[in-house]
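Please keep the sequence and the three-dimensional view at hand while reading.

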Amino acid sequence: MGKTMVYNLTPMPINKEAARFETCVRGSQGYKLDITNLGRNYLPSLAPIYVDYANEKAYPIVNVVVNEAYISNSTTPNTVLKIKKGSGVAIGMFLGNGTNGCEVSAIDKSNTAYDKLTLTTDFKADLAMDTVIFQTKSDKGVTQKYKANQLNYAPTKNEAGATVTGILSIYEIQTSKIDYPFSAKDKEDLGARFQFIN
């Protein structure tokens with residue numbers, strides 16, 4: 001008689017402290033998670049995602065938190081931006097705030113406290129510490145590459161073949177309790193189906 005396989009796997013818990021899950025409307029379909037720019041070991045519960053329904057894929061929204069105040073300089077361009085770790089930023093990626101933007105030409109991850117980005121040009125706007133900027137389609141920094149249309153339901157490990165299920169609606173979201181940055185654009189894009197406290 002063959003041996004019985006026993007699996008002792010404990011899934012990561014859903015972040016029920018960060019929203020009222022009794023108001024949650026969860027989608028019935030799973031989508032393959034694009035992990036190219038995830039930048040961390042797992043995608044947290046309630047993180048913003050863009051679901052491509054036609055191709056059945058989900059993309060994490062790449063948001064970047066400024067770690068140290070950035071001061072623009074029109075005379076001598078400031079091409080160094082320090083950001084918090086785990087952002088998923090890649091060389092050649094465009095970042096913006098909806099008005100201004102830049103392209104990332106190099107990334108230094110040697111410091112344990114932050115990542116240092118080298119920009120191709122000055123951002124042309126000051127950025128306060130903890131400001132959230134996001135991935136854009138060009139260095140103009142105006143249009144997001146992916147617009148959030150769902151939130152991730154359960155924590156999902158960063159591994160090949162990972163899939164996610166999205167949240168279609170939920171209320172009383174507290175982003176301060178979610179281990180993933182949100183931009184003002186994300187909240188705007190998600191619309192009235194999602195209600196944010198902070």
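Contact here means heavy atoms within 4.5 Å. By that criterion, residues 24 or more positions apart account for 70% of the contacts in the chain with a separation of 6 or more. The model is predicted, and local features need pLDDT of at least 70, side-chain atom pairs count only at pLDDT 80 or more, and totals for chains, interfaces and linings use all residues. Residues are numbered from 1 along each chain as its sequence is written, and side-chain values use heavy atoms, with hydrogens and water left out.

The chain has 1 helix and 14 strands; these elements are DSSP runs numbered from the N terminus, helices being H or I with at least four residues and strands E with at least two. Its radius of gyration is 18 Å, close to the 16 Å that the globule rule gives for 198 residues, so the chain is as compact as a globular protein of that length. This radius is taken over C-alpha atoms, and the rule is 2.2 Å times the number of residues to the power 0.38. The C-alpha trace spans about 75 × 45 × 30 Å along its principal axes. Of the 198 residues, 43% count as buried, where buried means under 20% relative accessible area, exposed over 50%, and partly exposed in between (1.4 Å probe, protein chains only).

The interior can be read through its nonpolar cores, each a set of buried Ala, Val, Leu, Ile, Met, Phe, Trp, Tyr and Cys residues joined through side-chain atoms within 4.5 Å. The largest core has 28 residues, of which Leu46, Leu151, Ile167 and Ile170 touch the most other members. Strand 1, strand 3 (48-52), strand 13 (163-173) and strand 14 (194-196) are the elements that give two or more residues to this core. Beyond its neighbours within four places in sequence, leucine 46 contacts residues including Phe21, Leu151, Tyr153, Ile167 and Ile170. Another core lies apart from the largest one and has 17 residues, among them Tyr70, Leu81, Leu117 and Leu127.

The aromatic residues come next. A pair of aromatic rings is described by the distance of the centres and the angle of the planes. Rings of Phe, Tyr and Trp (its six-membered ring) pair if their centres lie within 6.5 Å; planes under 30 degrees apart count as stacked, over 60 as edge-to-face and the rest as tilted. A search of the whole structure finds 7 aromatic pairs. In one of them, phenylalanine 21 and tyrosine 153 have ring centres 6.1 Å apart and planes at 70°, so the pair is edge-to-face. Phenylalanine 21 belongs to strand 1 (residues 20-33), while tyrosine 153 is in the loop between strand 11 (150-152) and strand 12 (156-157), 132 residues away, and the pair thus links distant parts of the chain. Phenylalanine 21 counts as buried at 14% relative accessibility, as does tyrosine 153 at 16%.

Tyrosine 70 and phenylalanine 123 also form an edge-to-face pair, at 6.3 Å centre to centre and 75° between the planes. Tyrosine 70 lies in the loop between strand 5 (63-65) and strand 6 (80-83) and phenylalanine 123 in the loop between strand 9 (115-119) and strand 10 (132-136), so the pair ties together parts 53 residues apart in sequence. Tyrosine 70 is buried at 2% relative accessibility, and phenylalanine 123 is buried at 1%. Elsewhere, ring pairs link Tyr50, Tyr59 and Tyr146 into a cluster.

Which side chain does asparagine 63 join through a polar contact? Asparagine 63, in strand 5, is buried with a relative accessible area of 3%, and a polar contact of 2.7 Å joins its side chain to that of aspartate 186. A polar contact is a pair of N or O atoms within 3.5 Å; within protein, one must be able to donate a hydrogen and the other to accept it, and residues adjacent in sequence count only if both atoms are side-chain atoms.

Lysine 187 is in helix 1 (residues 184-190) and is partly exposed, with a relative accessible area of 29%. Its side chain reaches the backbone oxygen of asparagine 198 at 3.2 Å. By contrast with buried asparagine 63, threonine 75 is exposed at 69% and is found in the loop between strand 5 and strand 6.
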